[in-house]
Amino acid sequence: MSSYYNDTATECKDIVDTFQATLKCCGANSPDDWKEESTNPPPTCCVEAESCTFETAYKDGCVPLIENFVGSNTQYIGFGVLTIAVIQLLGMLFACYLRSFIWKRSTYLDQDSVGLVDKAGKDQPYAL
């Protein structure tokens with residue numbers, strides 16, 4: 001909360017404003033969290049930004065709303081994380097297969113440069 005009114009910490013202000021406007025909440029636990037910092041809450045705490053006071057601010061804090069959202073959507077969040085993990089695993093498997101294919105191809109080309117395979121693709125006797 002203390003970084004919100006700091007002119008050099010604009011990222012903090014933007015993040016707090018986005019959370020409060022999107023979730024329609026005010027402060028971490030309640031609008032009273034802003035009383036130590038200012039005489040009025042930020043404009044994003046209210047429906048009407050021009051006349052935002054502690055009486056007209058949203059009554060819910062942002063932390064309880066986020067906790068409720070995560071708690072009620074744990075199953076979906078878990079499925080999303082699991083899906084991303086499976087996609088990452090498949091990507092690693094395909095990368096290993098591609099590496100193996102390239103390695104075998106480069107080994108074949110190395111044999112060609114030594115003279116083990118002629119230009120017509122017929123094997124010659126192994127003469128190293």
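Along the sequence, the secondary structure of the protein follows the pattern α-α-α, with three helices and zero strands. The model is a predicted one. Its pLDDT averages 84, and 82% of the residues score at least 70. Among the helices, H2 has the highest confidence, with a mean of 92, whereas H3, which spans residues 74–114, has the lowest, with a mean of 88.

Of the 128 residues in the protein, 18% count as buried. The exposed surface comes to about 9,800 Å², of which carbon and sulfur atoms supply 62%. Among contacts with a sequence separation of 6 or more, 45% are accounted for by residues 24 or more positions apart.

Helix H1 covers residues 10–23. The distance from the first C-alpha of H1 to the last is 20 Å over 14 residues, close to the 20 Å expected at 1.5 Å a residue. Just after H1, Lys24 adopts a positive phi of about 55°.

Asp17 is located in H1. This residue counts as buried because its relative accessibility, 14%, is under the 20% cut-off. Apart from neighbours within four places in sequence, Asp17 is in contact with Tyr4, Pro42 and Thr44. With Thr44 there is a polar contact between the two side chains, at 3.1 Å. Tyr4, another of the contact partners of Asp17, belongs to the largest nonpolar core.

That core consists of nine residues: Tyr4, Cys26, Trp34, Cys45, Cys46, Cys52, Phe54, Ala57 and Tyr58. For Phe54, again leaving aside neighbours within four places in sequence, the contacts are Pro31, Trp34, Lys35, Ser38, Thr39, Asn40, Pro41 and Lys59.

The loop between H1 and H2 (62–72) contains Gly27. With a relative accessibility of 4%, Gly27 is also under the 20% cut-off and therefore counts as buried. Gly27 and Tyr58 are separated by 31 residues in sequence, and their C-alpha atoms lie 9.0 Å apart in space.

Key. Residues numbered from 1 in each chain as written. Predicted model: local features only at pLDDT ≥ 70, side-chain atom pairs only at ≥ 80, totals over all residues. Heavy atoms only, no water. Helix = DSSP H or I, 4+ residues; strand = E, 2+ residues; numbered from the N terminus. Buried < 20%, exposed > 50% of the residue type's maximum accessible area, 1.4 Å probe, protein only. Polar contact = N/O pair within 3.5 Å; in protein donor to acceptor, adjacent residues only side chain to side chain. Contact = heavy atoms within 4.5 Å. Expected span 1.5 Å × (residues − 1). pLDDT = per-residue confidence, 0-100. Core = buried A, V, L, I, M, F, W, Y, C linked by side-chain atoms within 4.5 Å. Areas by Shrake-Rupley, 256 points an atom, 1.4 Å probe, with all protein chains shown as cover.
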